Amino acid sequence: MPIITDYLVIGAGVVGLATALHLKSMDPRSRVVVVEREAAPGAGDTGKSMAAFRTIFTSRVSSMLARSTIALYQDVEKRGFSLGMTWAGYLFVLDNELKKHVDRGLRLLGGEGENWEWVEPSLLEERLGIRTQVSHLEEADVLGASDVVGGVLVRKAGFLDADRVVEYYFRESRRAGVEFVFEAEVERLLLEPRRERLGLEGEPFPWQEPRVSGALLSTGDSVRVKKKTIVAAGVWANKILNPIGVDTFSRPKKRQVFRISAKGRLAEILERGDLTGSGSPPLIILPKKVLVRPAVRERSFWVQLSDDLGRPYTLEEPPSAEEHYYNLAIHPVLSLYMPPFSEAAPSGSWAGHYDVSFDGNPIVYEPYDSDLIVAGGTSGSGIMKADGIGRVAAALALGLDEVELYTGEKFRVSWLGLEGRLCEKELLIL
Ligand SMILES: Cc1cc2nc3c(=O)[nH]c(=O)nc-3n(C[C@H](O)[C@H](O)[C@H](O)COP(=O)(O)OP(=O)(O)OC[C@H]3O[C@@H](n4cnc5c(N)ncnc54)[C@H](O)[C@@H]3O)c2cc1C
């Protein structure tokens, strides 16, 4: 017996979960079914995330999505459901080269004060063990690294627990009546003619105005969809979309995280490095885009490199972290600017993918009047924008032009689409 539903959401990552919840609340009498190939929600890239959040983006759409999603998360916490939000801030450690890059972004954020503040090099040294004078060192010459001129601290930022965000959406959507089918992979999407089926080979033909009518699952079951199918399958979406001539217009790029235990001088950074009163040092973005994310509770740091040119667009399955990448691409920069890391080796690692869109902003659109919605292109910031993306995807599925974000701001659904897109290249992709 096929599963018959009004809406089918493919993928129980943070985007699929938020979309399902908003669909159910905007169209309460409808049946919403989420299918996920893994045994639990959040087991794709959502579970691989560094789960950092910030309210600052250079593009308007990304700022609105992040601001509203973070406002929701704050209220969820106020209502007593902890998401592990730690308002430790983002600290951009600037040499002259990075300063130029960040300056462009900061200009869009307005002046120093409410959104960001300047941190003197002496404070970076004292509290975070950052070496600011490096240019006299031989390694600096090899790395093309220069002295640190200061830091920019963004206070309205920090990190949270992605698993708790998943738990929140999973709990709320089940409470609202969303149904889940786990360990069921969509093998292919089904097309049917809107007009009468004639029983001819090769149907549906374009003149029969085909629509996506459901999906075939690895379990042998099929799903029949009366209203819309929403593909929220992250970096795997193109595997089911491309065979029917649809694309996400985003591509997977591998991202790796290395865990370093905080012992000795690194432990001191955890203890002294709090700049916001949150109990944790900030997320540190070093020159050459090495990211250091403190994990106070597990007494470690998670280190990542934000690499662009040279990192191919490929879907590696399963993605695994490369030790030599840490040793050769990350460690030289890390130990130059933060000498306490020089002796430390990773005690663990993992890897996932960013779903990188062409302008760094999410993509939500309906191709060819197909009853199919594509929701992805989260470009490494899907946790912090999920609620906004979910609302836009749900609104598009309901045929609305505009949706209200959690903050009350009005958001045009077409801003994330291909026609009517507010196309501003996001500059602060980390
Ligand atoms: C190393 C790393 C660090 C990151 N750091 C941050 C950060 O600090 N802050 C932030 O906001 N974001 C961060 N991100 C990005 C964030 O994790 C993603 O933007 C977000 O998780 C994307 O959610 P999603 O629901 O689109 O995809 P996913 O979580 O990948 O969900 C897609 C789901 O679809 C399922 N699926 C796929 N194909 C099928 C199929 N055929 N049938 C059924 N199910 C299917 C998958 O199993 C998966 O569960 C990071 C990502 C990585 C990899």
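Helix α2 (residues 60–78) and helix α10 (residues 386–397) pack with their axes 6 Å apart, at an angle of about 110 degrees. Axes here are lines fitted to C-alpha atoms, for helices over the stretch in contact, and angles run from 0 to 180 degrees between N-to-C directions. On the α2 side, the contact is made by Met64, Leu65, Ser68, Thr69 and Leu72, and α10 brings Ala386, Asp387, Gly388 and Ile389. Two residues are in contact if their C-beta atoms, placed from the backbone, lie within 7 Å. The residues of this contact divide into 5 nonpolar, 3 polar and 1 charged (Ala, Val, Leu, Ile, Met, Phe, Trp, Tyr, Cys and Pro count as nonpolar, Asp, Glu, Lys and Arg as charged, and the others, Gly among them, as polar).

Before going on, please keep in mind that this is a predicted model, where local features need pLDDT of at least 70, side-chain atom pairs count only at pLDDT 80 or more, and totals for chains, interfaces and linings use all residues. Residues are numbered from 1 along each chain as its sequence is written.

Now step back to the whole protein. It has 10 helices and 20 strands, which are DSSP runs numbered from the N terminus (helices are H or I with at least four residues, strands E with at least two). The C-alpha atoms fill a box of roughly 80 × 40 × 35 Å, taken along the principal axes.

The protein is divided into domain 1 (3–51 + 163–249 + 359–416) and domain 2 (90–154 + 252–357), with bounds that come from an automatic or database domain assignment. The C-alpha centres of the two domains lie 34 Å apart. Their contact takes 16 residues from domain 1 and 14 residues from domain 2. On the side of domain 1 that touches domain 2, the residues divide into 5 nonpolar, 8 polar and 3 charged.

Where does the ligand lie? Both domain 1 and domain 2 give residues to the shell around the ligand, so it lies between them. In total 39 residues surround the ligand, and the closest are Gly13, Gly44, Gly234, Gly352 and Gly382; a residue is near a molecule if its C-beta atom, placed from the backbone, lies within 6 Å of it. The elements that give two or more residues to this shell are α1 (14–26), β12 (250–261) and β16 (348–357). By type, the shell divides into 18 nonpolar, 14 polar and 7 charged residues.

Finally, some loops deserve a look. The peptide bond from Glu203 to Pro204 is cis, with omega near -5 degrees, and Pro204 sits in the loop between β9 (186–193) and β10 (210–217). Another cis peptide bond runs from Glu317 to Pro318, with omega near -15 degrees.
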